[in-house]
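Me: I've got this one open on my screen. Can you walk me through it?
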Amino acid sequence: MRYLGLGLVLAVVAYLGTGLTQVRPGERAVVRRFGRVLDHKPEAGLWIGLPWGMEKVDRVAVDLVRPVEIGLLPSQDDFAQATPPGQLLTGDHNLVNVRAIMHYTVRPDEVADFVVQQARVDGLIERTAEAALAEWVAGRIVDDILLHGKAELPRWLVAQTQERIEDYRLGVQLQGASIAVLAPPAEVTESFNDVTRAQTEIRSRVYQAEQDADRRLREADAERFRTEQLTAAYIGEQKVLAHADAESFEKRLAQYRRLKHENPDFLSSIWWDEMGRLFAQLKENGRIDLLDNHLGKDGLDITMFPPLPKKR
């Protein structure tokens, strides 16, 4: 009888112990007491509640990143199908194989929604993301998809999927997406590779042409700058010389005017001096004869200038 009482006490203690729950770091707990979800969401630590049957505690790791695969599955059976999942039609009526992985976490303040919807969270994210993925592919041509898809698609897919699942109150936050497969069907892969190589060659040639154009433009700018500098220096030099000539002329003019005022025949003497030097130079060059042959009884008869030699 004594052992029966001891066993009964241990059973009661064990039963009451079912009301103790250890919430680990990074977890939030959802407590349902008699089926009703409590507003309080216990964090890391020991939770003391009612025993089993009266209260249920669900622990959720809110810092855990959970994956959801969408599109083309990696198994051989899926590739063997005539139209496997994830083989989508592009805007220019080509086919591409797409496989993506969505990553999500549970929002700490909406952990109760996640617990209620937990069984259907992955399925809803998968179907919603697949619908958005098909829409993205159908709105673009195959070349753009294959060339830019891995860079542009993840950000767009996360934003669109998150917006569309908000009404379901899943209590999750999409953290990102990775594109595992984005390629044409196997039977046309080689043709697409040829096109890709040709496009790469075209981009390389265009880039080289742009580099050559930039180099020539820089050389032309440098030559223009050098010419402008030389022109500016020449203009400055000619201005200095012109100012010097003008200043010298003004000084000589002032001197001539002063001397003319002092001696009215000064300019005439200068004229005859200049003419004498000119005639001497003409005589030296054979362009004027001596006047002795033209002296008559009445004085000077004529002065003859021989014609200039013809230009060859």
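Me: Start with burial. What share of the 312 residues of the protein chain counts as buried?
Reply: 26% of them. Keep in mind that this is a predicted model.

Me: What about secondary structure? How many helices and strands does the protein chain have?
Reply: Six helices and 11 strands.

Me: What share of the contacts with a separation of 6 or more is between residues 24 or more positions apart?
Reply: 68% in this chain.

Me: On to the inside. How many residues are in the largest nonpolar core, and which have the most contacts inside it?
Reply: The core has 37 residues. Met102, Ile125 and Leu157 have the most contacts inside it.

Me: Which one gives the most?
Reply: H3, with 12 residues.

Me: Zoom in on isoleucine 125. What is it in contact with, leaving aside neighbours within four places in sequence?
Reply: Isoleucine 125 touches Val68, Met102, Tyr104, Thr161, Ile165, Leu170, Val172 and Leu174.

Me: Now the helix pair. How do the axes of H3 and H4 cross?
Reply: They come within 9 Å and cross at roughly 135°. H3 and H4 are therefore oblique to each other. The cut-off for roughly antiparallel is over 145 degrees. H3 passes H4 in a right-handed crossing.

Me: Which residues make the contact?
Reply: From H3, they include Ile125, Ala129, Ala132, Leu133 and Trp136. From H4, they include Gly149, Leu153, Trp156, Leu157 and Thr161.

Me: What does glutamine 117 contact, leaving aside neighbours within four places in sequence?
Reply: Tyr168, Arg169 and Leu170. Tyrosine 168 is 51 residues away along the chain, and its C-alpha atom is 8.7 Å from that of glutamine 117.

Me: Arg169 came up there. Where does arginine 169 lie?
Reply: In the loop between H4 and E9. Arginine 169 has a positive phi of about 55°, although it is not a glycine. This arginine is exposed, with a relative accessible area of 55%.

Me: What about histidine 93? What is its phi?
Reply: Positive, about 65°, and histidine 93 is not a glycine either. Its place is in the loop between strand E7 (87–89) and E8. Histidine 93 is exposed at 67% relative accessible area.

Me: Back to H4. Proline 154 is in that helix. Buried or exposed?
Reply: Proline 154 counts as buried, at 14% relative accessibility.

Me: And which residues does proline 154 contact, leaving aside neighbours within four places in sequence?
Reply: Gly149, Ala177 and Ile179.

Me: How far apart are the C-alpha atoms of proline 154 and methionine 102?
Reply: 8.9 Å, with the two residues 52 apart along the chain. Met102 is also one of the core residues with the most contacts.

Notes:
Residues numbered from 1 in each chain as written. Predicted model: local features only at pLDDT ≥ 70, side-chain atom pairs only at ≥ 80, totals over all residues. Heavy atoms only, no water. Helix = DSSP H or I, 4+ residues; strand = E, 2+ residues; numbered from the N terminus. Buried < 20%, exposed > 50% of the residue type's maximum accessible area, 1.4 Å probe, protein only. Contact = heavy atoms within 4.5 Å. Core = buried A, V, L, I, M, F, W, Y, C linked by side-chain atoms within 4.5 Å. Axes fitted to C-alpha atoms, helices over the stretch in contact; angles between N-to-C directions. Parallel < 35°, antiparallel > 145°, perpendicular 65-115°, else oblique. Left-handed = near helix turned anticlockwise from the far one by under 90°.
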